Amino acid sequence: KELTAEIINMLKKDTSAWIVTTPERLPVEQALFLAQALEKFGITVNGFILNNLLDKNICQECVFLEKKREQQRKWM
């Protein structure tokens with residue numbers, strides 16, 4: 001128990017986090033939930049990093065990818 005308490009105190013003092021997610025509904029909701037949980041635990045959240053963004057120059061004629069890019073922009 002003492003070791004666990006020491007580790008928890010160390011994490012609260014010496015740890016911060018960046019949360020990496022993709023700009024889609026479920027991952028964004030999970031990232032926000034995780035950020036709240038970390039903050040409650042005493043760990044600072046530095047910010048969010050969005051991963052797997054679709055570039056507008058990739059397959060400009062693809063309807064599927066354009067719709068996906070629109071959804072990503074919404075969740076950004």
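Modeller: Contact here means heavy atoms within 4.5 Å. The model is a predicted one.

With that cut-off, Gln72 touches Pro23, Glu24, Asn52, Leu53 and Leu54, leaving aside residues up to four places away in sequence. Gln72 itself sits in helix 3, which covers residues 63–75. Buried means under 20% relative accessible area. Gln72 has 3% relative accessibility and therefore counts as buried.

Now to the paired strands. Strand 1 takes in residues 16–21 and strand 2 residues 44–50; the two pair in the parallel sense, over six bridges. To get from strand 1 to strand 2 the chain passes through helix 2, residues 25–41, and this β-α-β crossover is right-handed. Within the pairing, Ile19 stands opposite Phe48 of strand 2.

Strand 1 also holds Ala17. Its relative accessible area is 17%, so Ala17 is buried as well. Not counting residues up to four places away in sequence, Ala17 touches Leu38, Ile43, Thr44, Val45, Asn46 and Gly47.

One separation gives a sense of the distances in the model. Ala17 and Glu66 are 49 residues apart in sequence, and their C-alpha atoms are 32 Å apart in space.

Technical notes
Residues numbered from 1 in each chain as written. Predicted model: local features only at pLDDT ≥ 70, side-chain atom pairs only at ≥ 80, totals over all residues. Heavy atoms only, no water. Pairing = 2+ DSSP bridges. Helix = DSSP H or I, 4+ residues; strand = E, 2+ residues; numbered from the N terminus. Right-handed = clockwise from strand over helix to strand, strands pointing away. Buried < 20%, exposed > 50% of the residue type's maximum accessible area, 1.4 Å probe, protein only.
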